[in-house]
Amino acid sequence: MLKVSNLSISYKKINAVRDISFEISKGEIVSLIGSNGAGKTSTMRAISGLVRAKSGSITLNGEELAGKPPARIVSAGIVHVPEGRQVFSRLTVAENLEMGGYLTRDKRIVRERMEYVFDLFPVLRERLRQKAGSLSGGEQQMLAIGRGLVTGPKVLLLDEPSLGLAPIVVERVFEVIRKLQQGGMTILLVEQNAVDAMAISGRTYIMESGAIVLDGPSAEIAENDEVKRIYLGGKETWATSLLS
Amino acid sequence: MGYFTAQLISAVKLGSIYALVAIGYSIVYSIMGMINFAHGELLMIATFSLWVLLNAGVPFALAVALAILVTALFGILIERIAYRSIRDAGESTQIITSLAVSIFLEALCQAIFNSSSKALIIPDFFSKTFRILDTTVSVIDVVTLACTLILTLAVVLIIRRTAVGKAMRAVADNMEAADLMGIDKNRIITAAFVIGSVLAAVAGILYSGKYTSFSNDMGFMLGVKAFIAAVLGGLGSLTGAVTGGYIMAVLEVFFSGYLPRGVVSYQTAFTFLVLILVLLVRPNGLFGSSNRQRS
Amino acid sequence: MEKVKLRNNPLFRFLAVVLLPLLALLLAAFTGGSYYESVLVLFFINIILAASLNLTNGITGIFSLGQAGFMALGAYASSILTLSEKTKNTMVRNMPEWLAKIQLPFIPALIVAAVFSMLIAGLIGFAILRARGHYLAVITLGMVIVIKSVLDNANNLTNGSRGLSGMARYSTLPVVVIAALLTLFILYRIRISAFGRAMIALREDEDAAASLGINYSTIRLMSFMISAFFGAVGGGLWAHLQRTIAPSLFYFNETFIILEMSVLGGMASLSGAIPGAAILTFVPQILANFSTGFTLFGIQIPQINGLTNIVMSVLFIVTIIFRKQGIAGNSEYIVSSLFDRQTYTGLFKKETYTGFADAFRRKKSA
């Protein structure tokens with residue numbers, strides 16, 4: 001469904017991403033894992049049109065999207081939920097969600113999608129008139145995902161959705177991601193929290209210094225000794241125990 | 001008593017003009033984080049457009065509408081040509097550029113119309129006077145106040161209620177996140193310039209209508225004062241812009257009306273000193289928030 | 001032998017930055033007549049003004065729009081000090097007797113005026129330098145307005161909006177050349193000193209600089225005061241070139257001219273003051289010939305008012321869009337070539353000449 005081929009990105013003269021290719025099929029969760037500065041976020045930003053790729057192609061169901069402006073990419077059906085939430089902190093929760101529907105002409109559809117978001121995150125309905133900046137970190141993350149969903153995406157790009165959240169909240173966020181998949185959503189998940197990401201995703205790509213170094217079914221990747229050593233720290237967590 | 005009321009009324013008139021112009025500064029600032037020093041020149045553009053149209057025999061109401069339109073077009077052009085490419089440059093670059101735009105527009109106007117002062121002839125209706133309590137008020141004073149109230153209310157409604165207004169606030173709040181929602185920031189910024197320009201155009205016409213004579217240098221000082229009013233109220237806050245505009249006018253009018261002889265000629269200095277003092281005590285203005293978050 | 005680039009060869013530096021400009025200057029001074037002489041004097045004064053602004057705006061990162069104010073202080077203070085008692089008493093009503101009595105030679109008057117301006121800057125700066133960015137820009141612009149308002153109204157000191165006149169033409173070419181060189185030299189020494197590095201550190205990252213133990217309020221204040229000192233020197237020299245001054249001459253227009261020189265030349269570089277001043281001095285002189293109307297390809301172009309402002313502001317906007325660091329950028333090539341000892345000691349070394357010839361050949365074959 002979403003296909004990235006030979007993508008390279010550079011800032012000034014530094015190559016952030018070098019010639020990577022990957023693919024996500026419909027209804028799949030794919031995780032992209034790597035250490036800080038490996039190029040995961042750059043990859044996402046290129047897909048969502050925030051940065052211009054130096055070369056390569058990005059297609060959604062065959063439609064070329066590389067080099068298109070963000071608005072075009074959103075209307076094609078890809079939405080990027082950025083790292084660090086980035087909610088509109090001085091707008092209310094309701095207004096934040098409405099912004100998700102900015103490109104959707106038919107406001108009835110926007111309402112429907114908002115109802116769907118409220119079903120996923122009932123807490124947002126309670127906070128509707130509150131300024132987004134006053135929400136807790138977890139609620140902001142839910143709002144950010146919810147706002148993304150109101151755009152009516154086919155593909156959801158989630159950048160570090162668990163970053164800086166309490167473990168209990170992380171669990172809830174991952175539950176929602178799973179639920180979204182059950183509803184047929186295609187998800188690209190960028191995480192430093194490799195354990196949880198691999199637990200939830202069907203396939204995993206590992207990125208290092210701008211290149212993909214390993215890929216395969218998450219269960220297999222999680223068994224890789226190198227991966228275990230670097231990303232899983234050898235710890236037994238609920239996720240690794242689940243996988244094994 | 002009569003003297004005081006008269007002073008108060010002229011403060012309200014002047015304050016209305018400042019408020020209209022200050023709102024424009026504030027909107028553009030909160031969205032782009034830039035100070036558009038050329039904003040004051042829009043008053044000049046509106047006035048000259050109206051003057052040309054009236055001289056060409058266009059009926060007054062139509063001429064006013066066209067003058068506002070022309071001013072809005074200039075606002076769009078200024079943003080498109082001069083400001084778009086420096087959007088990510090530093091504060092000082094933006095200030096300098098807008099100063100240059102200001103000088104350019106003023107000089108261009110001088111080149112076309114020369115720098116002599118001109119008279120704007122508005123329908124007699126506006127200069128009719130009547131008495132309220134113990135003071136004489138003219139129709140244009142009432143129109144000025146009414147326009148300010150209506151336009152301020154309209155701007156508040158646009159920004160609070162409409163999709164464009166909400167998108168404006170979203171862009172101001174977090175430009176990148178707005179991008180990711182598919183909000184075309186160029187269009188939103190254009191909309192902000194249009195709103196600012198329309199308000200400036202109305203302010204310019206009201207100002208020249210009141211004082212009837214004008215020249216190509218009318219805009220800069222008015223602009224600077226309105227800008228300082230916006231800063232005083234807290235850049236980025238509409239309430240702040242309006243309040244700042246009226247405070248600025250009250251200071252100016254009352255300093256010149258009540259300072260002792262011998263000191264009264266320093267009124268400009270006093271006004272600015274007070275403003276500088278306020279800023280030193282409250283660096284973000286009266287209604288400004290200290291933790292502005294931009295990305 | 002190590003290959004030194006041609007532009008770094010002492011002989012090349014000497015020729016390009018010292019000898020050729022000197023010859024050009026002498027040629028212009030002796031053959032040009034009085035009009036060209038006064039344009040050149042203006043050029044050197046502008047160098048001082050631009051360099052003084054670069055210290056705050058470019059090097060320390062204090063974005064000030066107030067230089068015209070300090071220029072005014074220098075112009076007025078020095079003029080009051082050099083004018084004779086008789087002139088002052090006939091021109092200015094009720095000037096305080098002690099002030100009317102004082103008459104100093106030009107150079108001491110200039111220095112007193114500059115110190116005066118520096119002290120005022122100290123007072124003002126103490127209050128305003130806590131402001132940043134936009135706010136500082138506004139406050140310094142407000143300062144220009146306040147200074148003009150005072151000059152306009154302190155009739156018994158400044159003769160109000162009529163201004164002062166009758167100053168002697170002390171700003172001759174040798175005087176301004178020496179003043180400009182001294183200004184650049186002192187500012188350059190400041191820039192390369194530990195103090196100057198602290199200024200740059202402050203510009204780059206205030207928090208980091210503070211964490212290194214740099215006391216930024218002191219440095220900002222010092223920078224502002226030094227800048228005001230040289231701004232006033234420029235103003236004093238200017239007053240004794242024009243021989244007539246009035247408050248309206250030190251207002252937004254002058255603010256903008258100084259800013260333009262600074263930005264076009266390159267704010268972050270003292271060397272930038274030279275090309276900046278050159279453009280803002282010579283281009284308007286050339287344009288003045290056209291502003292009364294001219295014929296272009298057989299088409300009669302009528303008189304254009306404000307032509308200079310139109311051309312300069314467009315030039316300015318285009319520069320900012322395409323090269324916002326200005327002509328010189330971060331390079332101090334001109335000033336360092338002028339004041340580094342190697343430029344001169346290098347002339348007595350053989351390898352300078354062989355290196356020059358070698359680099360020249362390489363350049364040609366390349």
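Start by selecting chains A and B together: 16 residues of chain B are in contact with 21 residues of chain A. Here, contact means that the C-beta atoms of two residues, placed from the backbone, lie within 7 Å. Before you go on, note that this is a predicted model, where local features need pLDDT of at least 70 and side-chain atom pairs count only at pLDDT 80 or more, while totals for chains, interfaces and linings use all residues. Residues are numbered from 1 along each chain as its sequence is written, and chains are lettered from A and ligands numbered from 1 in the order in which they are written.

Next, highlight α6 (163–173) and α7 (175–180) of chain B, the elements that each give two or more residues to the side touching chain A. Helices are DSSP runs of H or I with at least four residues, numbered from the N terminus. The largest share of this side, six residues, belongs to α6(B). Colour the side by class and you will find seven nonpolar, three polar and six charged residues. Nonpolar covers Ala, Val, Leu, Ile, Met, Phe, Trp, Tyr, Cys and Pro; charged covers Asp, Glu, Lys and Arg; the others, Gly among them, are polar.

Now move to chains B and C, which have the most contacts among the two pairs of chains that touch. Chain B brings 38 residues to this contact and chain C brings 36. On chain B, pick out α4 (91–113), α9 (218–233) and α11 (267–281), each supplying at least two residues. With 15 residues, α4(B) gives the most to this side. By class, the side of chain B that touches chain C has 28 nonpolar, nine polar and one charged residues.

Last, show chains A and C: no contact joins them, and their closest C-alpha atoms lie 17 Å apart.
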